[in-house]
Amino acid sequence: MSDTYDYIIVGGGSSGCVMANRLSENPANRVLLIESGRNDKHPWIHVPATFFKIIDKGRDVVFYVGEKDKGVNMRDSIAIQGHVIGGGSSVNAMLYIRGHADDYNQWAQLGNTGWGYHDVLPVFRDLESNMVHSDEFHGQDGELHVSETPFHHPLSRAFIRAAQETGLPYNPDFNGAEQEGVGFYQTTTHNGRRWSAAQAFLRKAEKRPNLTIRTETRVSHVTFDGNRASGVMLQDGTQITARREVVMCAGAIETPRLLQLSGIGPGQHLQDHGIKVVSDLPGVGENYQDHLESTVQGETLEPISFYGEDKGLKAAKHFLQYITTRTGLMTSNVVECGGFADVSGGGQPDVQFHVLPFMVGWADREPIEKHGIAIGPCFLHPKSRGSVHLRSNKATDPALFDAGSFRDSDDLEVLVRGVLKGIEILEAPSLAKLIKRRHLPEPGLEKDMDGLRDYVRQTAKTVFHPVGTAKMGPESDPMAVVDSELRVRGVEGLRVADASIMPRLVSGNTNAPTMMIAERCARFMTGKSQAVSAA
């Protein structure tokens with residue numbers, strides 16, 4: 001009996017925390033949440049400004065290294081995902097962005113009944129407790145605290161002024177009536193601490209006797225009785241039974257890998273690896289999408305950036321201020337400001353800016369050891385598609401991951417225009433007076449468009465928003481993996497409730513939309529939401 005549950009949730013990230021809370025609200029339901037990472041105990045997780053240390057040290061994250069990618073000059077494609085209770089919401093920059101209304105209307109136009117903006121907005125509002133906004137777009141009574149950060153760096157303020165000097169409007173609310181413009185991001189923080197999905201949804205749920213949470217536990221595959229999901233097999237050989245449903249919340253790389261190991265995916269691919277086909281779904285692992293950015297970086301005249309503030313006596317001073325007053329630099333989410341711009345003239349923002357008050361490196365590029373600012377444009381609507389498939393039939397082997405970066409040349413051209421806009425902002429008066437010189441891209445390179453394209457290819461990196469590999473779609477779409485209620489096609493008792501189901505990537509950060517997806521899935525499962533047609 002101890003290994004039998006009503007519901008099994010695979011993955012304890014943003015979506016898994018929501019699912020565990022909602023499904024365990026009914027004390028009659030026995031619920032199991034399985035997370036391959038650790039619990040979210042480390043203090044760096046909870047102090048907003050120290051999330052960079054989590055990533056730099058490789059704690060509580062997993063680096064998925066893809067195939068050599070022609071689109072980025074044969075560099076490795078690297079996607080970082082949270083590997084801890086709370087998932088991405090425990091290690092990200094805490095930006096609260098839902099995307100553009102048209103994103104969801106396009107989902108509905110693709111045949112996903114009940115997923116238009118007017119359908120999802122009430123769910124976003126129900127989840128949210130906003131510190132500032134209370135109107136038709138925002139809620140006050142939800143578990144997810146959304147706040148204004150108490151610390152604003154002078155370079156962040158200078159960026160906002162400089163961007164306005166280039167013609168971008170000031171926008172106090174990227175989740176309101178209009179997305180376009182620049183300003184400070186609202187964050188999933190509360191009283192100077194990170195407010196992850198674990199804090200919002202799991203803390204109160206984990207006290208319930210009908211919810212079991214297993215950390216540092218790896219799933220091998222979903223088990224089936226005929227075409228019905230009957231539970232999961234763990235990598236240590238333990239079999240766990242689900243009386244009602246199994247819900248995949250493992251993310252856009254792990255979810256399709258586990259589905260394929262379970263016999264759900266492209267039939268020939270599974271047979272090639274000696275896996276019995278349970279449901280031949282060619283879309284599993286396809287449709288991979290992500291946001292890529294390429295930074296514009298400038299050195300400041302004066303030592304005013306975050307550079308060096310995390311070391312020695314400076315770090316001690318900031319920490320003392322934080323623990324005694326919950327104020328100061330350590331309450332910053334670092335990516336304090338940015339915005340959305342239409343750089344192609346299409347009528348909707350196609351580039352988002354993430355701005356950091358210091359210069360940055362990446363996995364294959366050392367950071368610039370000087371004071372400065374990094375302006376990171378990323379293109380919002382990728383046309384390129386990658387894939388996630390199996391290397392073998394061994395559950396311990398990582399996925400065969402191909403990001404497909406810039407496979408469609410339009411993506412490259414949009415990001416090049418974004419970089420040009422970033423240069424324009426860096427050279428606008430409010431920033432220019434603070435900047436000693438531009439480090440990246442090399443000054444003058446903007447006059448050589450082929451050179452600038454190569455710079456973008458050489459420096460483009462993920463901003464951690466992989467989606468789409470188990471996409472939602474109507475029965476008429478041969479590549480659809482789940483229906484409008486997130487049920488996996490061709491089987492019973494199995495759903496996907498994470499970013500994998502997005503048919504198209506939303507215009508912005510994916511954490512809030514992922515929680516919305518999980519909330520909707522839980523309502524479908526518990527009957528608390530009117531069912532939508534599985535068109």
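**Salt bridges**

Mentor: Glutamate 245 forms a salt bridge with arginine 495, and their closest N and O atoms are 2.7 Å apart; please keep in mind that the model is predicted.

Trainee: Where do glutamate 245 and arginine 495 lie?

Mentor: Glutamate 245 belongs to strand 13 (residues 239-248) and arginine 495 to strand 25 (residues 494-496), so the pair ties together parts that are 250 residues apart in sequence.

Trainee: And is glutamate 245 buried or exposed? What about arginine 495?

Mentor: Glutamate 245 counts as buried, with 12% relative accessibility, and arginine 495 is buried as well, its relative accessible area being 7%.

Trainee: Which side chain does glutamate 519 meet in a salt bridge?

Mentor: That of arginine 523, at 2.8 Å from N to O. Both residues sit in helix 14 (residues 511-526), and because they are 4 residues apart there, about one helical turn separates them. Glutamate 519 and arginine 523 are both buried.

Trainee: Which residues do salt bridges with shared partners join into one network?

Mentor: The network joins Arg22, Glu25, Asp126, Glu143, Lys204, Glu519, Arg523 and Lys528.

Trainee: Last one, how many salt bridges are there?

Mentor: The count comes to 35 salt bridges, one of them being the pair of glutamate 245 and arginine 495 we began with.

Conventions:
Residues are numbered from 1 along each chain as its sequence is written. This is a predicted model: local features need pLDDT of at least 70, side-chain atom pairs count only at pLDDT 80 or more; totals for chains, interfaces and linings use all residues. Side-chain values use heavy atoms; hydrogens and water are left out. A salt bridge is a side-chain nitrogen of Lys or Arg within 4 Å of a carboxyl oxygen of Asp or Glu. Helices (H or I, at least four residues) and strands (E, at least two) are DSSP runs, numbered from the N terminus. Buried means under 20% relative accessible area, exposed over 50%, partly exposed in between (1.4 Å probe, protein chains only).
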